[in-house]
Amino acid sequence: MTAEARPASPPLTERQEGRRRRILHASAQLAGRGGFEAVQMREVAEMAGVALGTLYRYFPSKVHLLVATMQDQLQHMHTTLHKRPPVGDTAAQRVADTLMRAFRALQREPHMADAMVRALTFADRSVSPEVDAVSRITTTIILDAMGQEDPTPEQLSAVRVIEHTWHSALITWLSGRASIAQVKIDIETVCRLIDVTSPRDASPSK
């Protein structure tokens with residue numbers, strides 16, 4: 001079944017949501033220990049206390065599971081950012097601070113970061129809903145840091161470029177081809193697009 005043809009899933013019951021959370025927690029635990037290869041569906045099911053068939057009903061493949069794990073990690077990060085907002089005098093500075101905080105969180109769990117990024121790289125059209133969910137939460141995190149509730153098309157374009165750069169910087173760091181210092185420079189540089197695309201006569205949304 002293609003991503004376009006996949007029917008909308010009904011809301012999860014409280015019990016189903018608890019089961020899903022246990023699955024995502026098990027996925028994160030195994031990925032943190034040994035990366036992509038360490039996440040085996042049978043082990044995830046055993047750790048989460050669910051039948052293997054049940055696990056596959058929630059997540060059809062390891063790639064689906066790990067992309068959903070990344071969405072879950074980003075949602076946790078979003079909650080943390082609400083409690084400790086980013087610092088900076090400009091929108092660009094706040095977004096750069098936000099993305100570097102996200103990067104450092106992933107830096108503390110390099111095996112898990114590698115597993116999630118590899119899953120995003122391997123994702124085909126069947127994983128489009130999960131990949132889109134990751135993109136949406138990333139966009140929301142950036143717009144919140146900007147203080148922008150009603151972005152212009154130009155600003156949304158800048159946000160997409162920033163997302164691509166952040167993702168690329170994460171890949172190059174994980175592969176040992178970029179230092180943390182270089183990642184910081186690249187993130188700060190691309191975030192300047194926010195100032196360039198901001199309407200001159202508009203004030204930031206509260």
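The structure is a predicted model, in which local features need pLDDT of at least 70 and side-chain atom pairs count only at pLDDT 80 or more, while totals for chains, interfaces and linings use all residues. Residues are numbered from 1 along each chain as its sequence is written, and side-chain values use heavy atoms, with hydrogens and water left out.

The secondary structure of the chain consists of nine helices and zero strands, where helices (H or I, at least four residues) and strands (E, at least two) are DSSP runs numbered from the N terminus. Read from the N terminus on, the elements follow the order α-α-α-α-α-α-α-α-α. The C-alpha atoms of the chain fill a box of roughly 55 × 40 × 35 Å along the principal axes. The chain has a radius of gyration of 18 Å, which agrees with the value near 17 Å that a compact globule of 206 residues would have. The radius of gyration is taken over C-alpha atoms, and the globule rule is 2.2 Å times the number of residues to the power 0.38.

Buried residues make up 42% of the 206 residues in the chain; buried means under 20% relative accessible area, exposed over 50%, and partly exposed in between (1.4 Å probe, protein chains only). Among the contacts in the chain with a separation of 6 or more, 71% are between residues 24 or more positions apart, contact meaning heavy atoms within 4.5 Å.

Side chains of opposite charge can pair when their charged atoms come close. A salt bridge is counted where a side-chain nitrogen of Lys or Arg lies within 4 Å of a carboxyl oxygen of Asp or Glu. By this rule the count comes to five salt bridges. One of the pairs is Glu37 with Arg118, with the closest N and O atoms 3.5 Å apart. Glu37 lies in the loop between helix H1 (14-34) and helix H2 (41-48), whereas Arg118 is in helix H6 (residues 110-122), so the pair ties together parts that are 81 residues apart in sequence. Arg118 is partly exposed, at a relative accessible area of 28%.

Arg118 also forms a salt bridge with Asp114, for which the closest N and O atoms are 3.9 Å apart. Asp114 and Arg118 are both in helix H6, where they stand four residues apart, about one turn of the helix. Asp114 is partly exposed, with 25% relative accessibility. Arg101 and Asp97 are separated by about one helical turn because they are four residues apart in helix H5 (residues 91-107). Arg101 is buried, with a relative accessible area of 18%.

Rolling a probe the size of a water molecule over the atoms shows where empty space is left. On a 1 Å grid over the protein atoms alone, a cavity is a set of points where a 1.4 Å probe fits but cannot get out, and lining residues have an atom within 4 Å of a point. Grid points are joined across faces, edges and corners, and a volume is the space filled by probe spheres set on the points. The structure holds one cavity of 30 Å³ or more, and the largest cavity has a volume of about 50 Å³. The lining of the largest cavity is formed by Leu74, Met77, Leu99, Ala102, Thr138, Ile141, Ile142 and Trp166. Helix H4 (62-83), H5 and helix H7 (128-146) are the elements that give two or more residues to this lining. H7 gives the most, with three residues. The lining residues divide into seven nonpolar, one polar and no charged.

Three further residues were examined individually. Asp72, in helix H4, is buried at a relative accessible area of 8%. Apart from residues up to four places away in sequence, Asp72 touches Arg21 and Leu24. Gln155 is in helix H8 (residues 153-174) and counts as buried at 2% relative accessibility. Beyond its neighbours within four places in sequence, Gln155 is in contact with Met146, Gln148, Asp150, Thr197, Ser198 and Pro199. Asp186 lies in helix H9 (residues 180-197) and is partly exposed, at 32% relative accessibility. The C-alpha atoms of Asp186 and Glu43 are separated by 38 Å, the two residues being 143 residues apart along the chain.

How values were computed: 1 Å grid on protein atoms, 1.4 Å probe; cavity = no way out; pocket = protein on both sides within 12 Å on 5 of 7 lines; lining within 4 Å. Nonpolar A, V, L, I, M, F, W, Y, C, P; charged D, E, K, R; others polar.
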